[in-house]
Amino acid sequence: MISKAKGYDHLFQNLIPNSIDGIKIFGVEDQYVKPQDYDSINNLENRIWAELYQNLEFLLDQYASSEYLLGLRALPIPNNMFPDFSAISPLLENSTGWTLLSVAGFLDEELFFEINKKRQFPVTEIIRKSPRFDEKYSGTDIKNNKGYTPEPDIFHDIQAHVPFLMNKDYAKFMWEIGILGDEIIKDHRNLGPELVTHNLKRLQNFAWWTYEYGLLKNNGASDNYRRAHNDIQYEIYGAGIISSFDEVTNVVECAKGKSDRSIFLPYDIEEIVLTCFDYSNIQDRYYVIESMEGLYCSFRENKEIFLFEG
Ligand SMILES: [Fe+2]
């Protein structure tokens with residue numbers, strides 16, 4: 001586990017003291033692989049999935065990016081019951097080389113990037129709001145500042161992230177993030193633990209404001225893929241928005257001028273890597289990219305930003 005160094009925290013804006021307390025974080029040495037036990041899923045869990053999914057289904061059809069919609073249509077992700085990892089993973093592999101890896105919970109950074117480097121996407125088999133989830137995380141305030149960890153919920157992992165991994169360019173971008181994370185941790189430049197932690201936080205901020213909570217400018221072209229016309233200036237590509245009814249609704253309300261809870265800012269890589277976030281609330285801002293290709297290029301051209309030398 002990377003130390004909780006704060007040496008360069010003064011460079012960050014919007015510093016929010018999130019943390020994961022009392023939670024098991026799995027590392028390379030642990031038994032972190034936990035195959036999905038599909039037969040143990042009960043009706044209540046299927047009902048929670050169905051409710052979450054169906055609440056968002058039409059909203060996402062109208063506002064999610066075309067990469068998401070196309071990926072979703074190509075995968076067996078049911079709207080009324082838990083998805084079966086063994087039905088999804090081979091299709092993903094066939095399309096972009098990624099596979100699903102069913103894991104036991106939070107992973108530390110080292111393990112997370114190791115897995116990503118192999119084009120494996122870690123997914124958890126329990127769903128929020130279920131007794132199984134409550135039991136596992138009872139007494140835990142699930143917030144995150146220690147590292148680059150996936151949220152422990154099957155809905156977010158499968159409904160929001162996985163469809164994007166069917167897109168070749170997106171899948172390559174996610175793989176490159178894994179490679180870079182691994183490079184930061186291995187610290188071949190001998191920057192030391194303070195700077196390694198600082199650079200991981202930069203990458204975590206980047207991830208947050210892009211593939212977790214990012215928006216894409218709506219140029220109208222993706223209406224072909226929708227049942228209803230997208231009537232706001234943005235398309236949603238952030239997985240953290242996509243798996244949350246409240247967050248999607250907030251984006252739409254703010255975009256239509258019916259709420260001023262959040263602001264829309266132009267994507268600026270230098271700004272976002274230094275901007276921290278609140279894990280537990282509706283976001284106060286969303287960064288808007290001009291195109292997915294522009295995002296990938298910006299990441300590739302600015303890798304040095306994540307290897308800051310102090
Ligand atoms: Fe996520």
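# Exercises on a predicted model

Arg 119 sits in the loop between α4 and β4 (120-124). The coordinates used in these exercises are those of a predicted model.

## Exercise 1. Two residues with positive phi

Task: State the backbone angle phi of Arg 119 and of Asn 190, and classify the exposure of Arg 119 and of Asn 190.

Solution. 

Step 1. Arg 119 is not a glycine, yet its phi is positive, at about 60°.

Step 2. The relative accessibility of Arg 119 is 30%, so Arg 119 counts as partly exposed.

Step 3. Asn 190 is likewise not a glycine and has a positive phi, here of about 55°. Asn 190 is placed in the loop between α7 and α8.

Step 4. Asn 190 has a relative accessible area of 67%. Exposed means over 50%, so Asn 190 is exposed.

## Exercise 2. The iron site

Task: Which residues coordinate the iron ion, and what makes the arrangement of donor atoms irregular?

Solution. 

Step 1. The donors are NE2 of His 156, NE2 of His 161 and two OE atoms of Glu 212, at 2.0 to 2.8 Å from the iron ion.

Step 2. Along the sequence these donor residues follow the spacing H-x4-H-x50-E. His 156 in helix α6 (residues 154-161) and Glu 212 in helix α8 (residues 193-212) are 56 residues apart, and the pair links distant parts of the chain.

Step 3. The angles subtended by the four donor atoms run from 52 to 138°. Four donors count as tetrahedral only if all angles lie between 85 and 135 degrees. The arrangement is therefore irregular, given angles of 52 to 138°.

Step 4. For comparison, the ideal angle for four tetrahedral donors is 109.5 degrees.

Step 5. His 156 and Glu 212 are both buried.

## Exercise 3. Salt bridges between separate elements

Task: How many salt bridges does the model contain, and which elements are tied together by Arg 73 and Asp 61, by Lys 117 and Asp 182, and by Arg 189 and Glu 309?

Solution. 

Step 1. The count comes to 18 salt bridges.

Step 2. Arg 73 and Asp 61 form one of them, with 3.2 Å from N to O. Since Arg 73 belongs to helix α2 (residues 66-73) and Asp 61 to helix α1 (residues 43-63), the bridge ties together parts twelve residues apart in sequence. Arg 73 is partly exposed, at 49% relative accessibility, whereas Asp 61 is buried, at 5%.

Step 3. Lys 117 and Asp 182 form a salt bridge with an N to O distance of 3.0 Å. Lys 117 is in helix α4 (residues 109-117) and Asp 182 in helix α7 (residues 168-186), so parts 65 residues apart in sequence are tied together. Lys 117 counts as partly exposed at 32% relative accessibility, and Asp 182 as buried at 7%.

Step 4. In the salt bridge of Arg 189 with Glu 309, the closest N and O atoms are 3.5 Å apart. Arg 189 lies in the loop between α7 and α8, and Glu 309 in the segment after α12 (292-301), so this pair ties together parts that are 120 residues apart in sequence. Arg 189 has a relative accessible area of 38% and is partly exposed.

Step 5. Shared partners join the salt bridges of Glu 114, Lys 117, Asp 182 and Lys 186 into one network.

## Exercise 4. Packing of α1 and α10

Task: Describe how α1 packs with helix α10, and name the residues that meet.

Solution. 

Step 1. The axes of α1 and helix α10 (residues 245-255) are 10 Å apart, and the helices pack at an angle of about 35°.

Step 2. The crossing of the two helices, α1 and α10, is left-handed.

Step 3. From α1, the residues in contact are Asn 55, Leu 56, Leu 59, Leu 60 and Tyr 63; from α10, they are Phe 245, Val 248, Thr 249 and Val 252.

Terms used. Residues are numbered from 1 along each chain as its sequence is written. This is a predicted model: local features need pLDDT of at least 70, side-chain atom pairs count only at pLDDT 80 or more; totals for chains, interfaces and linings use all residues. Side-chain values use heavy atoms; hydrogens and water are left out. Donors are N, O and S atoms within 2.8 Å of the metal (3.2 Å for Na, K and Ca); water is not among the atoms, so sites may look incomplete. Four donors count as tetrahedral if all angles lie between 85 and 135 degrees; four count as square planar and six as octahedral if opposite donors are over 155 degrees apart and all others between 65 and 115; anything else is irregular. Helices (H or I, at least four residues) and strands (E, at least two) are DSSP runs, numbered from the N terminus. Buried means under 20% relative accessible area, exposed over 50%, partly exposed in between (1.4 Å probe, protein chains only). A salt bridge is a side-chain nitrogen of Lys or Arg within 4 Å of a carboxyl oxygen of Asp or Glu. Axes are lines fitted to C-alpha atoms, for helices over the stretch in contact, and angles run from 0 to 180 degrees between N-to-C directions. A crossing is left-handed if the near helix is turned anticlockwise from the far one by less than a right angle, and right-handed if clockwise. Contact means heavy atoms within 4.5 Å.
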